[in-house]
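Before you plan work around this protein, I would like to go through a few points with you. They concern the ligand first, and then the aromatic side chains.

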Amino acid sequence: MPQFIYWFLFALHQYLLIFAFSGLRVLLHLWRFCLESKSKIFNRVPVEDRKRVVIVGGGFSGSMVAQKLENDFQVTLIDTKDYFEFTPSILRTIVEPQHIKSIQVLHSHYLKHTNVIQKECRAVGAREVILDDRSVPFDYLVINSGSSYNSPFKESSVVLSARANTLRENYYHIRKLRKILIIGGGIVGVELAAEIVSSFPDKEVIIVHSQAKLMNRFPKKAIKDAEDYLCKHGVRIIHNERVIAHKGSIFVTDQGSEIIADQAFLCTGIVPNSDFVRASYPDVISEFGYIKTNEHLQMVGTTPFRNVFVAGDVLNIREEKLAQLAEVTAAIVVHNIKALDNHKEQSMKKYRSFSKPVLISLGKDWVITGFLAALLKDVVEFKTMVRYW
Ligand SMILES: Cc1cc2nc3c(=O)[nH]c(=O)nc-3n(C[C@H](O)[C@H](O)[C@H](O)COP(=O)(O)OP(=O)(O)OC[C@H]3O[C@@H](n4cnc5c(N)ncnc54)[C@H](O)[C@@H]3O)c2cc1C
């Protein structure tokens, strides 16, 4: 094909994309304007007389609860960060730093009627949450404090610009490395290895995993596809061993193996962020640090808390901790707060466990578990980020 036709088609394609996205953006703003006007016309309660909802944590669940309640309640979002981040795409940014701007957005950008406070919540009282310098009273409290993971995959207490710089520096650092060790072969370790080998085929990548299979809680087919992909791309996988010590660039396992690497990434275990709740209500915290609830997602200890709800990773639900779980539980909490507030307690929804499809991206390829998850991760990312435009 002559070069100019190629460039013409390319320009047309780009132009159509921009046109489609701009149209979508206008429609979204129109839709929001209609919702807001509806709320202004039908919700005649002045803002200062509305019930106060305090939300702790602005990840997948907290940001969604704030968006859905801010037109009908006085909403305050307390988050250690000043932005929302699409965590599943963080691994991509480690090899493609220009992708950062597509997956982060300031809370102040998408929340129009929410009071955003960038602080850490230190404790929870019966009718107020305690910060370092003040307390914030609530009628309803929603705890969405999520979980912590090793740096650089998740960070707390940072502003957006600092986070973007750290991720960029990480990229330039990785470019210089020759041998990379990944400790932990769960979904994060597997996806990180795949991102690195697909972007930097010259790097030597080793995964040390304490189990006989990578991603051992996932379906057999997904495990096989992931292992085949990694082996095909030269990743060395060491099963049934744990890294227990390191001296400089030598990492030692419990089976006595010694692995030399320029850098190790720790891709193991998540830790629920519940210490600030434990301080006041130790009885609501499970053995592993998650917050206990009833099926309506109201916090429960020795006594139930009618006006305190919990959603997302920090919930004491024995399931894979996923963004989808965070969104599903957030939607139930939104419904139940509205039901409670309208004295329709009997119409509150219950959370029921269901099988969720999971998309595991392997560099530029991908593996799907469950049914009908035939969406690329990019599409899932787009679908989520569009909410924050
Ligand atoms: C590297 C990585 C890859 C992942 N990939 C996928 C994937 O492909 N698909 C998928 O479905 N899931 C994936 N997940 C899981 C997904 O990111 C989580 O399930 C999701 O982020 C949980 O959302 P959340 O709202 O419960 O909490 P979080 O996203 O953890 O947000 C919690 C927020 O609360 C804040 N906070 C915590 N404590 C306090 C406090 N005391 N005061 C104020 N603020 C506080 C935190 O700073 C944070 O902003 C991945 C996770 C990681 C780490």
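1. A polar contact is taken here as a pair of N or O atoms within 3.5 Å, and the model to which this is applied is a predicted one.

2. The shell around the ligand consists of 33 residues, of which the closest are Ser-61, Thr-80, Cys-121, Lys-154 and Asp-313. Which elements each supply at least two residues of this shell? They are α2, β2 and α10 (323-341), and α10 gives the most, with 3 residues.

3. As for the fold as a whole, the secondary structure comes to 11 helices and 22 strands, and buried residues make up 47% of the 389 residues. Among contacts with a separation of 6 or more, 65% are between residues 24 or more positions apart. The protein exposes about 20100 Å², and 58% of this is supplied by carbon and sulfur atoms.

4. The structure holds 6 aromatic pairs. One of them joins Phe-73 and Tyr-140, whose rings are edge-to-face, at 6.2 Å centre to centre and with 90 degrees between the planes. Because Phe-73 lies in the loop between α2 (60-69) and β2 (74-79) while Tyr-140 belongs to strand β9 (residues 140-143), this pair ties together parts that are 67 residues apart in sequence. Both Phe-73 and Tyr-140 are buried.

5. The rings of Tyr-171 and Tyr-172 have centres 5.1 Å apart and planes at 65 degrees, and since planes over 60 degrees apart count as edge-to-face, the pair is therefore edge-to-face. Tyr-171 counts as buried, at 14% relative accessibility, whereas Tyr-172 is partly exposed, with a relative accessible area of 45%.

6. Two further kinds of ring arrangement should be noted. Phe-60, Phe-84 and Phe-86 are linked into a cluster by ring pairs. Lysines also meet rings: the charged end of Lys-81 sits over the ring of Tyr-83, 4.8 Å from its centre, and Lys-203 lies over the face of Phe-200, at 5.1 Å from the ring centre.

Methods
Residues numbered from 1 in each chain as written. Predicted model: local features only at pLDDT ≥ 70, side-chain atom pairs only at ≥ 80, totals over all residues. Heavy atoms only, no water. Phe/Tyr/Trp six-rings, centres within 6.5 Å; stacked < 30°, edge-to-face > 60°. Helix = DSSP H or I, 4+ residues; strand = E, 2+ residues; numbered from the N terminus. Buried < 20%, exposed > 50% of the residue type's maximum accessible area, 1.4 Å probe, protein only. Lys NZ or Arg CZ within 6 Å of the ring centre and 35° of its normal. Contact = heavy atoms within 4.5 Å. Areas by Shrake-Rupley, 256 points an atom, 1.4 Å probe, with all protein chains shown as cover. Near = heavy atom within 4 Å.
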